[in-house]
Structure formats: C-alpha cells, structure tokens
Amino acid sequence: MMKMAGFVKQAKESLIVYNGDCFECLGDLKDESIDLIFADPPYNIGKKFGDFIDNWPSDKHYAEWCYQWLELCITKLKPNGSLYVMTSTQAMPYLDLWLRERVTVLSRIVWHYDSSGVQAKKYFGSLYEPILFCVKDEKNYVFNAEDIAVEAKTGATRKLIDYRKAIPTPYNTTKIPGNTWYMPRVRYRMPEYEQHPSQKPEALLERIIKASSNIGDVVLDPFSGTFTTCAVAQRLGRKAIGIEAQIEYFKIGLRRLNISDNFNGEQLKPLDKSFVRKNGNDICQDINKQQGDIFDA
Ligand SMILES: C[S@@+](CC[C@H](N)C(=O)[O-])C[C@H]1O[C@@H](n2cnc3c(N)ncnc32)[C@H](O)[C@@H]1O
C-alpha cells in the first residue's frame, strides 16, 4: 500500500485501486491511457455516502462539478476510447449538452427496473436511470456486437421463416440490444449485494465492458463505490483502475477484488446476511439465479 499526498493507492496484478478524491487520483494517471471509463457519480439527490452527503446548492453547481471531472476523464481516455456516464434523470440534460460539444454521444441508454419500494402517489415515479455512451472518435472505437448479442424475441416458439425474401430465410435468432435495458436492481438477497446505497448490477457492467473493451484493455471507474466495475472487468480479463473517496467502500473493494483480506490490521469480512443459513446454504440462490437471467433488450 502506498500513501500519497492525499490518497492511498494499492495495486495487485491487473488492478489498481485508490482511496481518495477523484480529482487527485485522476491526476495520477497518464493522459490518453484508458480504453473505457464508466462514471457513476453521486446524483445530487441527497444520498448519504459514508460521511459525504450528495447535495449541491443547485443543479448548476452540480453540473459545474461534473464538467470538471468529465474534462479530466476525457483527457485520460485513449483517442479510440469510450466513456459511459450515469446521473439522475433531472441532471442528465446538463451533462448531455456539455458532452455533445466535446465527444460523440452514440447512445442514450435507459436502464429500467421495477421498484418494490415506496411508490410516488401524485406523479409518475422514476423507474429508470439514464446512461450516455460516448466515444472520442466516431470512426474509431471498440464495439464487440457479437459479445453482447441477446435473443431476438419473435413471439413464436418455433423458428420463423421470412417469406418476403426472394429466397425464404429464417429470421435472425439474436440481435444487438437496443437502448432500453431491463435489469433488476441489486437487492439484499442477491449474492453480489454489498452495503452501499447505490450499487450497480454486475449484469449492467458486464454488457458495457464486453461491448466497449477487449481482453487486456484498461477500464477506469472514478466513482467506484463497491468496485462493481473493477470486479466485472477483472472477471472478464480486463485491467481495472478504481477510485473511491469513502474508506468503508474502499475496504469493500479490497475484499471483493481479492486484493487484501485486511486493512490496517482490520479483518475484511463479507456482509453477514441474516437470510444465509449457518450451514452455508443460501436459501435464495435459485431466486437470484432467475433474477440475474432476466434480460430484455
Ligand atoms: C453512485 S455511487 C457508485 C456506485 C458504484 N457504481 C457501485 O456499483 O457500487 C458514487 C460513489 O462515488 C463516491 N464519491 C463521491 N464523491 C467522490 C469523489 N469526489 N471522488 C471519488 N469518489 C467519490 C461515493 O462515495 C460513492 O460511493
């Protein structure tokens, strides 16, 4: 472990993790060295991340803060690199207008999900989060369409033939996902759950990393939270760099990524979930498997 001016940096094999502010840690990276960036910042909606409250004085103040780290991210991206950015539905227009002046926004993705929580009673509740997919060079970027193909639902159980063609041909059975992605949110009973207020599903990162990077490429997440991006990148044979300001989440990353099982003498243990039977059998394994498989495109 290295303690630098304002951050802690730890590396193991193809992983580098930082505990510190994203501005300082991004400054430690070489310009034009990153293939893919996934940025999932605080959304300015009043969430509590450790000792930090996600609240800016106004939308404009929040947007100004985002422009500063976005500028840095673009600098760190290779000329053929890709950038995925998430934020709240209300803040995304600010980022979209700013980004389209600097990079090419190729897709505006909607990640939607069901909510079991409190429902809005006097307006239509928000059941989606927007994601921008941007590239530096629209003529030169990675997009592994075959690696993310999904079933093309025809509505029939047997193979359909397209008789309108000169030579009748079976319809394609797979397709590239469109820009609306249905994936369940991370729930307490899912094996991937960690103690964090806005952890993103591994399935979401899997699609992004497979589509927009190759094996051995470098993936960066400047707001790592529970280090989902790094965990998925690691599983998929990519190199990963993760930055997180809060020490509690950084410790989750150290454990989740198998970098270390202790931090300053503290043993890092997975969450002791109340529903896991003490004989080791997780009563919800089957439910989780089903949930994880639900993909729509
Ligand atoms: C929306 S969460 C990211 C969740 C993550 N994608 C995951 O799957 O767990 C945003 C994270 O950014 C962290 N954060 C907030 N301000 C930061 C800053 N200036 N530098 C680095 N991390 C910061 C928060 O502590 C929080 O964990």
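User: Among contacts in the protein between residues at least 6 apart in sequence, what share joins residues at least 24 apart?

Analyst: The share is 64%, where a contact means that two C-beta atoms, placed from the backbone, lie within 7 Å. The model is a predicted one: local features need pLDDT of at least 70 and side-chain atom pairs count only at pLDDT 80 or more, while totals for chains, interfaces and linings use all residues. Residues are numbered from 1 along each chain as its sequence is written.

User: Why is A91 called buried?

Analyst: A residue is buried if 20 or more other C-beta atoms, placed from the backbone, lie within 10 Å of its own, exposed if 12 or fewer, and partly exposed in between. A91 has 20 C-beta neighbours inside 10 Å, so A91 counts as buried.

User: Where is A91 found, and what does A91 touch?

Analyst: The loop between β7 (77-86) and α3 (92-99) holds A91; helices (H or I, at least four residues) and strands (E, at least two) are DSSP runs, numbered from the N terminus. Not counting residues up to four places away in sequence, A91 touches Y43, N44, D59, Y62 and A63.

User: What makes helix α4 largely enclosed?

Analyst: Eight of the eleven residues of α4 (residues 202-212) are buried, so the rest of the structure largely encloses the helix. Those buried are E202, L204, L205, R207, I208, I209, A211 and S212. They pack against β4 (34-39), β7, β8 (104-112), β15 (218-221) and α5 (228-235).

User: Which residues of α6 are buried, and what covers them?

Analyst: In α6 (residues 247-256), Y249, F250, I252, G253 and L254 are buried. Their cover includes β2 (8-12), β3 (15-19), α5, β16 (239-244) and β17 (262-263).

User: What makes a set of residues a nonpolar core, and how many residues has the largest?

Analyst: A nonpolar core joins buried Ala, Val, Leu, Ile, Met, Phe, Trp, Tyr and Cys residues through C-beta atoms within 7 Å. The largest has 59 residues, and L83 is one of those with the most contacts inside it. Leaving aside neighbours within four places in sequence, L83 is in contact with I37, C73, I74, L77, V103 and C134.

User: How does the shell around the ligand divide?

Analyst: It holds nine nonpolar, eight polar and four charged residues. Ala, Val, Leu, Ile, Met, Phe, Trp, Tyr, Cys and Pro count as nonpolar, Asp, Glu, Lys and Arg as charged, and the others, Gly among them, as polar.
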